[in-house]
Each structure stands twice: as C-alpha cells, then as structure tokens.
Amino acid sequence: MSPLDSDIAHLLAGSMVLLSFLLLYQDRMFALLNVFAFHAFALAGSVAWQAFEQRAPHLFITALIALLFKGVVIPVALRRIVVRLGIHRTIDTVVSIGPTMLFGIALVGLSIVVMLPVTQAEGAFVREDLAFALSVVLLGFLMMVTRRNAVSQVIGFMSLENGLVLAASGARGMPLVVEISVGFSVLIAFIVIGIFLFRIRERFDTVDLQALDMSRGES
Amino acid sequence: MSYSDWLIQLAQTALVLGLAPLLSGVTRKIRARLLRRQGPSILQPYRDLLKLIRKEAVVAENASWLFRAAPYLIFATTWVAAALVPTFASGLPLGAVADLIVIVALLGTARFLLALAGLDVGTSFGGLGSSREMLFASLAEPAMLMAVFTLSLFAGSTQLSSISAYMLGPGAGVDISLALALVALIIVSIGENARIPVDNPATHLELTMVHEAMILEYSGRHLAVLEAAAAVKLLLYLSLIACVFTPWGTAIAGAGVLAYLIGLLAWAIKLALLGFLLVLFETAIAKMRVFRVPEFLGIALMLGLLATILLFVSKVSR
C-alpha cells in the first residue's frame, strides 16, 4: 500500500474521532444532528476506502448502508422528532465542556494505549483503525453519560455504533449477513427509542432524563 | 554563514517592521470595503504611528518605571520573534540559533510584560484586561505549543527552516494531524491578535475588550510603539502560517537575487491572501461573549492534543 493510500485511510478514520469530539462539544439540537450526519459520511467514506483497498466489494454495501441509513434517514427522522417534540430551540445542558473534552482526550489516549500493544501482529491499517474505532466507541459512551437530553443520548448511542462498524470494517470486514442485520437492528432500536421518546414526554412533559431519576426516587 | 546571509537577515528584519503597518492598513481597507464603506487609505497606520510619535506621552502620576519600560521591551521581543520567522527566505543565520519554541517564549514574555503594564497604574480597566489576557493565554499558549510539537514530530526538528523544508519535500502528505495543527494555529492566531470573535481591534471603549483595555493608559510614543508591536505580531502569525503550510516560493539562503525576488513576491501574495481570508472570516462572524472565548481557545488546545495523539498512532503503528 502506498503512503498516500494509508494517509487517506488515516485521514478518514481520524476525522471520525474529530467529529466525535464535535458531537461532544455541540449543544444545539440541529447542529448536533448535522454533525452526526457528517459522522456517518466519514464512516461511509472510511468503509468505502477500506473496501477499495482490501478489494472487498461487500464492504461497499456496508458503506452504502452507513451513508443511506445513518447519514440520511436517521438524521432526517431525528430532525422531525425534534421538531415534533418542540425542543429544537433548547440548548442541551452539557456537563461543563472543558473537563468533558479533557476526559475525552484521556479516553482516546487510553484506547490507543490499550489497542496498539494488543494488535502488534496485525498490519498498520488494522491497528490504526481499531485504535480509532475504540476511541469513537468510548467517546459515544462519554456522550451518553454527560448528556441529559434523551435525543442527544440517542445520538451518542448511534455514534457508538458507527465506531463498531469502523472496527469491523478494519478487521477484514464482517460477513454481509451480520452487517445487514446490525444495520437493521440499529434502525429498529431507533424506532423503539423514537416511540419511547414520545412516551417519556407524555408522562413527564420533558425529555430531560433527570425527570426519570426523580420518578425513581434517586434524587 | 556568509556575509550575504546576514545582509538578507537584516533586510528581512527591517522588512518585517516596515511592512507590518501596511499589512494592518490593507486588512482594514479590505474590511471596510467588505462592509461597503470607503475606509481609510492603506497608508493610514503609518500616519497614525508618525502622529503618535510626535505627540507628548502623558504618564499617570503613580506609574512606575515598568510602565515606561514595558512598551519598548514588548516591541523588542515581538520584533525579534518576527525576525526569527522565515518570510521570503529560509535558512537564515538568526533562524539557525532559535527555533519555534523560542518564538513562543518571546511572545509569552511580551504578553507577560503587557499584562504587568496593564496592572501597573492600578486602574480597573487595565486590571480587567490583564486578568482576561492571562485567562486566555493559559489556553492559547499550550495550544500553540501542541501545534508546534505536532509540526516538530513531522519534521523531526523544531527549526522553522527544517519544518518548511520538510513540508516542501516528498515526506509530507495528506494527514489529518497537519490539518488539525493548522486549525489550532489559526484559532490561536485569531485569539492572540485580538481579532474579531475574541476581541475587537477597532473599538476603544467596550466592556468586553482585552488588548485595548491593557493599553488604555498609554499615549504618545509609548502607544505608537505598542501599536507597532501589535502590527508586527499579526505579520508574525500570518508569516508563520504561510511559512509552515504554504512554503512554496520561499528562497533558500544563498540562492541568488532572482530567487530572493521570487520569494518576496510569493511572500507578499501569501500575506495578502491570508489577510483577506482573515478579514473575510471577521466580517462573517459576530463577536463572542468573553466567557465563550475560553471554550473557543479550548478547541484549539483540544485540536492540538488530538493532532499529536493521532500522529503518534500513525507513527507507532507503521
């Protein structure tokens, strides 16, 4: 593989990590959805480049699923939900951005420290991808932990799933059946979450998940 | 090091000072035109400086010697830092004795002196400006250093000449760390030069001002020197970005007259382009609240850190 090829792979996978940080930083609903769409585009680009490099045509289908479902369908649907819930003007309460960012960088460092020694036998391509994928997954978890709004938690969950697909595509791709079923299960999870969002709002008049804690008597 | 190298170094040092007011004049003119105003002539900063030098310097009664000495020290450190950046020719003698970290340290010294001078007279405005400047600096300086480390990791050297030679060579490719370092450097230079999202260089009485608040007590030749230092600093940052990320056309020391002329022309074009982009960005964006600025500079720090980490991954895994 020529240096330029691996540079492009590095660029695409690295931009996913960067976009995960942007997701952490963004506190407005529509901007958050746009960044999430870009996250999915970066994933699609990264997977398509892997498909091209590994001469693995089925990975192109993975890229297409990422592009259509996660880049277009889910952001558009989420946008509709946000408008119907009437929360498109609200600014999500982010638990102070500065420490969150530092914590996120620490997580990226952790995933690199963990991944690079474990995968020493693999090629450069796979190692890099796995390290970045683990960071994207951890950043998705971090986002779910730090956000209080249910919709941003959903986006954290979806970005986490993007990280999983990135890891799978790096490791010589996963079987198409698995890929498609994962894609659909995410879509179904999304539908279930969407229904739950409305149920939560109906019950508590808000999608701020702290209301749930109070109802359980935790705070 | 031959005689001619030193001559070129001297010429570069003089040019940096001589062209700095022109650069700020040009940016002001472009900004005015973008706002559909006529705007002052591009030579106006020179006239302002001349006028200020001729005027009497009014110094507060309780000002100490530091208040009088600070403008000259700030000007000197900024000028030396600017002379270290390769502008139209690289590989010059001064550049060989000092690297990027020295430039950052010199700028830090200037900032420290300016903050002290702002505090010296004891007015509330000066103190306010100084405390804000220090708050921003605590994020901007590490961000700048992280960008510097990223570039040095690429080039294997902290010398600006070697970095720009590396960027010209075949080793530099499409790399996300480079892009992140560039964005971090741009954010830092916007913050450091008190440009619009962070501070407004055009106003003198606004509660959110930072740089202007620190120099509010100065007048006459002291103010002239400080204004010149600010102009030189803008030129320094733009030249730094141009020298690292668009090294094309820069002459190598001892290359002959024609190469130097090409270098000069290329430098002028790069500066004009960067200045235009800066002003375009300024007119497109509104000024931030002061308490948003640490977040803005925090992004630069985060990008710098991320650039280093990503670069580390690609270096280790290969």
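Colleague: How many helices and how many strands are there in chain B?
Modeller: This is a predicted model, and the elements of chain B, read from the N terminus on, run α-α-α-β-α-α-α-α-α-α-α-β-α-α. Counting by type, chain B has 12 helices and 2 strands.

Colleague: What percentage of the residues in chain B are buried?
Modeller: A residue counts as buried here if 20 or more other C-beta atoms lie within 10 Å of its own. Among the 318 residues of chain B, the buried ones make up 49%.

Colleague: Among contacts in chain B with a separation of 6 or more, what share comes from residues 24 or more positions apart?
Modeller: The contacts considered are those in chain B with a separation of 6 or more, and of these, the share from residues 24 or more positions apart is 80%. Contact here requires C-beta atoms, placed from the backbone, within 7 Å.

Colleague: Which helix gives the most to the side of chain A that touches chain B?
Modeller: In the contact between the chains, 22 residues of chain A meet 16 residues of chain B. On the chain A side, helix H1 (3–25), helix H4 (97–118) and helix H5 (124–146) each supply at least two residues. The most, 10 residues, come from H1(A).

Technical notes. Residues numbered from 1 in each chain as written. Chains lettered and ligands numbered in written order. Predicted model: local features only at pLDDT ≥ 70, side-chain atom pairs only at ≥ 80, totals over all residues. Contact = placed C-beta atoms within 7 Å. Helix = DSSP H or I, 4+ residues; strand = E, 2+ residues; numbered from the N terminus. Buried ≥ 20, exposed ≤ 12 C-beta atoms within 10 Å, placed from the backbone.
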